[in-house]
Amino acid sequence: MRILAFVTGIGYGHTIRQRALLDFLKNNKFLIASYKNGYYYFEKKYHTIKILGAKFPEKSGKLTVLKTIFINLK
């Protein structure tokens with residue numbers, strides 16, 4: 001079976017959970033699509049392509065809508 005997995009690139013939470021699923025399904029062929037931390041984590045483990053992902057300007061966890069929209073206009 002061929003599997004295409006999109007992994008969010010912010011932090012390592014989703015990335016590590018996805019890795020556990022891929023290890024469980026290790027007899028299949030994978031293509032990972034990710035950005036930022038997810039891309040750097042998977043690039044040496046599986047065939048990985050880099051995609052554009054959402055950017056969040058706040059480090060404190062508070063969301064500022066106008067800043068987020070402005071930084072993601074690209």
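**Questions on a predicted model**

Q: In which helix is K36 found?
A: This is a predicted model, and its helices are numbered from the N terminus. The helix that covers residues 36-42 includes K36. That helix is α2.

Q: What is the phi of K36, and why does it stand out?
A: Most residues other than glycine have a negative phi. K36 is not a glycine, yet its phi is positive. The value is about 45°.

Q: Is K36 buried, partly exposed or exposed?
A: Buried means under 20% relative accessible area and exposed means over 50%. K36 has a relative accessible area of 38%, so the class is partly exposed.
The value that decides this is 38%.

Q: What pattern do the helices and strands follow along the sequence?
A: The chain has 3 helices and 3 strands.

Q: Which element gives the most residues to the largest nonpolar core?
A: The largest nonpolar core has 8 residues: I3, A5, V7, L22, F30, I32, F42 and Y46. Two elements give two or more residues to this core, namely β1 (2-7) and β2 (29-34). With 3 residues, the element that gives the most is β1.

Q: Which residues does I3 touch, leaving out those up to four places away in sequence?
A: I3 is one of the residues of the largest nonpolar core. A contact here means heavy atoms within 4.5 Å. By that cut-off, I3 touches L25, N28, K29, F30 and L31.

Q: Is T48 buried or exposed?
A: T48 is found in strand β3, which covers residues 48-50. The relative accessible area of T48 is 13%. Values under 20% count as buried, and T48 is therefore buried.

Q: At what distance does the side chain of T48 reach the backbone oxygen of Y46?
A: A polar contact needs a pair of N or O atoms within 3.5 Å. A polar atom of the T48 side chain lies 3.1 Å from the backbone oxygen of F42. For the backbone oxygen of Y46, the distance is 2.9 Å.

Q: Which residues does T48 touch, not counting those up to four places away in sequence?
A: F42, whose backbone oxygen lies 3.1 Å from a side-chain polar atom of T48, is among these residues. The list for T48 is I32, Y39, F42 and E43.

Q: How far apart in space are the C-alpha atoms of G53 and S34?
A: G53 is found in the loop between β3 and α3. In sequence, G53 and S34 are 19 residues apart. In space, the C-alpha to C-alpha distance is 7.7 Å.

Q: What is the relative accessibility of G53, and which residues does G53 touch beyond four places in sequence?
A: G53 counts as partly exposed, because its relative accessibility is 26%. Beyond four places in sequence, the residues that G53 touches are Y35 and N72.

Q: About how much accessible area does the nonpolar patch with V65 have?
A: V65 is in helix α3, residues 65-71. At 51% relative accessible area, V65 is exposed. The surface patch is formed by L63, V65, I69, F70 and L73. Together they have about 580 Å².

How values were computed: Residues are numbered from 1 along each chain as its sequence is written. This is a predicted model: local features need pLDDT of at least 70, side-chain atom pairs count only at pLDDT 80 or more; totals for chains, interfaces and linings use all residues. Side-chain values use heavy atoms; hydrogens and water are left out. A nonpolar core is a set of buried Ala, Val, Leu, Ile, Met, Phe, Trp, Tyr and Cys residues joined through side-chain atoms within 4.5 Å. Buried means under 20% relative accessible area, exposed over 50%, partly exposed in between (1.4 Å probe, protein chains only). Helices (H or I, at least four residues) and strands (E, at least two) are DSSP runs, numbered from the N terminus. Patches are made of residues with over 30% relative accessible area and no salt bridge: like charges are joined within 9 Å, nonpolar side chains (Val, Leu, Ile, Met, Phe, Trp, Tyr) within 5 Å. Accessible areas come from the Shrake-Rupley method with a 1.4 Å probe; for residues, only the protein chains shown count as cover. A salt bridge is a side-chain nitrogen of Lys or Arg within 4 Å of a carboxyl oxygen of Asp or Glu. A polar contact is a pair of N or O atoms within 3.5 Å; within protein, one must be able to donate a hydrogen and the other to accept it, and residues adjacent in sequence count only if both atoms are side-chain atoms.
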